[in-house]
Amino acid sequence: MIIFIDSDDYISETMIEVMYNTMISENADIVICKDVNVNNGKNNIRKWPDKNCILKREDALKYIACDKLKSFFCNKMFKKKIVNENDFILNVRFEDFLCMPQIFNRIEKSVAIIEPLYFYVRHQESFTYSNKNPMKFFEACIERNNWYKKYCPKFYNLSIKRTIEVAISCLDYEMSIYDKQKVEKFLFDNINLKKWL
């Protein structure tokens, strides 16, 4: 079993036991717990899921595409056979965001549990904030779109819809003319209001 804990974060004393027991009892490849955002001493628990639920491969890929299932390493326990060293691309921003669909594409079954067991301590200077690196996050979304188009076309439109949201938010930030043109071209090529309503 493999779990990841960022150096600034902390976990519940029962996290490993609860997730391990769930993995064994459900014969799951991945177990996902709720994560708690700790920001200036205030806790914000992510609401999804409302009850323990089993996610087959297709379910998980669908929820990842629309960002309902977050692409964090840190609130998940993995069977060792599910991850490999090629999943970890050094010095690449948003590597978890990029590789999570690939990892979930290898599973038979995952389980999302309602217990809030992982505490993600957020800092204003946190490097992983997408709003600190809007263009880099947009580019990661584009790369993930390409993966969905090639390996999971059924949910490609959901991935595109998520990227449209990110692209629109990018326009609120200062960027180079080149980057602005890149974002605007993506929106021009992909946005169709009737399609997304």
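## Strand E3 and its partners

In this predicted model, strand E3, which covers residues 30-39, pairs with strand E6 (residues 76-78) in the antiparallel sense, and three bridges link the two. Within that pairing, Ile 32 has Lys 76 of E6 as its bridge partner.

E3 also pairs with strand E7 (residues 109-121), here in the parallel sense and over eight bridges, and in this pairing Ile 30 stands opposite Ser 110 of E7. As for how covered the strand is, nine of the 10 residues of E3 are buried, so that the strand is mostly covered.

## The hairpin of E3 and E4

Strand E4 (residues 42-45) runs antiparallel to E3 and is joined to it by four bridges, with Asn 39 standing opposite Lys 42 of E4. Two residues lie between the strands of this hairpin, and Asn 40 takes a positive phi there, near 55 degrees.

## Helix H4

Helix H4 is made up of 18 residues, 134-151, and at 1.5 Å a residue it should span 26 Å, which agrees with the 26 Å that separates its end C-alpha atoms.

The buried residues of H4 are Pro 134, Met 135, Phe 137, Phe 138, Ala 140, Cys 141, Arg 144, Asn 145, Trp 147 and Tyr 148. In general, an α-helix has 3.6 residues a turn, so residues three or four places apart point the same way. Among the elements that cover the buried residues of H4 are helix H2 (57-65), helix H3 (95-104), helix H5 (156-170) and helix H6 (177-190).

Key:
Residues are numbered from 1 along each chain as its sequence is written. This is a predicted model: local features need pLDDT of at least 70, side-chain atom pairs count only at pLDDT 80 or more; totals for chains, interfaces and linings use all residues. Side-chain values use heavy atoms; hydrogens and water are left out. Buried means under 20% relative accessible area, exposed over 50%, partly exposed in between (1.4 Å probe, protein chains only). Two strands pair if DSSP finds at least two bridges between them. The expected span of a helix is 1.5 Å times one less than its number of residues. Contact means heavy atoms within 4.5 Å.
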